[in-house]
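Hi,

Here is the structure I promised to pass on. Have a look at it first, and then read my notes below.

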Amino acid sequence: MGLFDRISRVVKSNLNDLVSKAEDPEKILEQALLEMQEDLIQLRQGVAQAIAAQKRTEQQYKQNQNESERWDRNARLALQKGDENLARQALERKKNYLETANTLKATLDGQVTQIDTLKRNLIALESKISEAKTKKDMLKARSSAAKAQEQLQGTVGRLGTSSAMAAFERMEEKVMMQEARAQAVGELAGNDLESQFAALEAGSDVDDELAALKAQMSLGPATSSNQPSLPQANEQSTAAKNPVVDAELEDLKKQLDQL
């Protein structure tokens, strides 16, 4: 392969790539439909011209046929008058008009066939254009939907790595931390309240026991009916013999009185 052939192939491939990238389905469909409509207009004009030509040929055919019939009548009239030479001339005119009429009849038959073909092609082209319009609208809608989907996917993809999305994620994590701290504070407050009530209940038990103890001790050295009475002399002698115990006992009484 020569150098120029390779260069030509590279240029063509690049041009084809540029054209393919530049093709917009919506614009191409519009252009294709416009070209089809232009073809339809030209075909209609062609049909109209063919019909007009057929009309002219038909008129010429009828005129020549009428002239042929007229000269036939003239030839008959000349024979009736005994003028054979004039009758011969009339028949020659009749023959010329008749030949022209026959030629025009063949042309007219061909024109009729051609016009029928053109009319069928016109109907087929109109049907194709109507179908193309429907398909164009459908393809344009699909193209628009595909573009919107592509744009949406690109936007979603950019959001996944953008700073705005990262900011939303950070704020979400921050809010979750605030909620966790609030829940922890609530749990601690509940535990502290329960401990306070537990302390109150424990203090109440201690107070009740202290009151019972004070009531017992306020009765003094009264003896129970079940216990034998001790001689007072022995009690005084014991007090005299234990001064440390007496002092401790007095101190304990003072403490109890202060309560």
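Let's start with a term: I call it a salt bridge when a side-chain nitrogen of Lys or Arg sits within 4 Å of a carboxyl oxygen of Asp or Glu. (Helices are DSSP runs of H or I with at least four residues, strands are runs of E with at least two, and both are numbered from the N terminus.)

Before going further, some housekeeping. This is a predicted model, in which local features need pLDDT of at least 70 and side-chain atom pairs count only at pLDDT 80 or more, while totals for chains, interfaces and linings use all residues. Residues are numbered from 1 along each chain as its sequence is written, and side-chain values use heavy atoms, with hydrogens and water left out.

Now the overall picture. The protein chain has six helices and zero strands, which reads along the sequence as α-α-α-α-α-α. Of its 259 residues, 12% count as buried; buried is under 20% relative accessible area, exposed is over 50%, and partly exposed is in between (1.4 Å probe, protein chains only). Taking a contact as heavy atoms within 4.5 Å, residues 24 or more positions apart account for 83% of the contacts with a separation of 6 or more.

Back to the charges. The structure holds seven salt bridges. In the pair I opened with, arginine 44 is partly exposed at 43% relative accessible area, and glutamate 126 is partly exposed too, at 31%.

Then take a look at aspartate 72, which is buried at 16%. What does it pair with? Its side chain meets that of arginine 76 in a salt bridge of 3.0 Å, N to O, and these two are four residues apart in helix H2, about one helical turn. Arginine 76 itself is exposed, at 53%. Aspartate 72 also forms a salt bridge with lysine 94, with the closest N and O atoms 2.6 Å apart. Lysine 94 lies in helix H3 and aspartate 72 in helix H2, so that pair ties together parts 22 residues apart in sequence. Through shared partners, Asp72, Arg76 and Lys94 are joined into one network.

On to the greasy parts. A nonpolar core here is a set of buried Ala, Val, Leu, Ile, Met, Phe, Trp, Tyr and Cys residues joined through side-chain atoms within 4.5 Å. The largest one has ten residues: Leu33, Leu40, Leu43, Val47, Ala50, Ile115, Leu118, Leu122, Leu125 and Ile129. Helix H2 (25-80) and helix H3 (84-161) are the elements that give two or more residues to this core.

Finally, Leu213, Met217, Leu249 and Leu252 form a nonpolar patch on the surface, with about 320 Å² of accessible area together. For patches, residues need over 30% relative accessible area and no salt bridge; like charges are joined within 9 Å, and nonpolar side chains (Val, Leu, Ile, Met, Phe, Trp, Tyr) within 5 Å. Areas come from the Shrake-Rupley method with a 1.4 Å probe, and for residues only the protein chains shown count as cover. Helix H4 (163-217) and helix H6 (243-258) each supply at least two of the patch residues.

Cheers
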